[in-house]
Amino acid sequence: MTEETPGFEEKPDVPSDATPDGAEPKDAPSSSEKEASPAGDAAQNVGLTAQLDQARSALNERTGDLQRLQAEYQNYRRRVERDRTTVKEIAVAGLLSELLPVLDDVGRARDHGELVGGFKSVAESLETVVAKLGLQQFGKEGEPFDPTIHEALMHSYAPDVTETTCVAILQPGYRIGERTIRPARVAVAEPQPGATPAAAKEEKATDEESGGTEEV
């Protein structure tokens, strides 16, 4: 028999990394760390949300700047095109203004029957070219006098007109689009002072033929 040494008890072998009963593992988070973890995540989420809002605000500002810049560029392009068109119209109007005396000579030659032969072909070619450039002739006998497009060189009275009327076109007017290059130079006639207009005379004659005004 083996004799047991008094005062010593045999203990079972325990692994060195074993955790005693009732004790938490060394690597396990403590209760304070467990409580702090959700709070840390919330703070991180708040920070990320703030950064996202800041990025969105910066994006909106840059988008607004880009839109304003694009609008300014479009306005600039429109101004350039408008100025270019205006300069072109002024240049064309200046050129055609120099040709108006030639066109007047052509018109007088046509009225006198002198527009024949080669001169006729040249004149018609010139009129075709100026028409392509937008030149339009205006002014007709019998139309009401308009001081914005007519220039009265002669004045008379006539019993057969009810308003100031162009009775003769001394020089035709010319325009390009809405721009008047030269007003039509005309002779005008006004109603005879104290005379009954023709329309009123006709109405009076009609009433007399029908027996006059009926009595009530």
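A pocket is an open set of points on a 1 Å grid over the protein atoms alone, where a 1.4 Å probe fits, with protein on both sides within 12 Å along at least five of seven lines; its lining residues have an atom within 4 Å of a point. The model is predicted, so local features need pLDDT of at least 70 and side-chain atom pairs count only at pLDDT 80 or more, while totals for chains, interfaces and linings use all residues. Residues are numbered from 1 along each chain as its sequence is written, and side-chain values use heavy atoms, with hydrogens and water left out.

**View 1. Centre of the largest pocket.** Of the 20 lining residues, Leu 103, Gly 107, Gln 137, Pro 172 and Tyr 174 lie nearest the centre. The pocket holds about 450 Å³ of space, a volume being the space filled by probe spheres set on the points, which are joined across faces, edges and corners.

**View 2. Elements that line the largest pocket.** At least two lining residues come from each of α1 (31–111), α2 (117–132), β1 (135–138) and β3. Helices (H or I, at least four residues) and strands (E, at least two) are DSSP runs, numbered from the N terminus. The largest contribution, 7 residues, is that of α1.

**View 3. The open sheet β2-β6-β3.** These 3 strands have mixed pairing, where two strands pair if DSSP finds at least two bridges between them. At the edges, β2 (150–158) and β3 (165–171) each pair on one side only.

**View 4. Pairing of β3 with β6.** β3 and β6 (residues 184–191) run antiparallel over 5 bridges. Ile 169 has Val 186 in β6 as its bridge partner.
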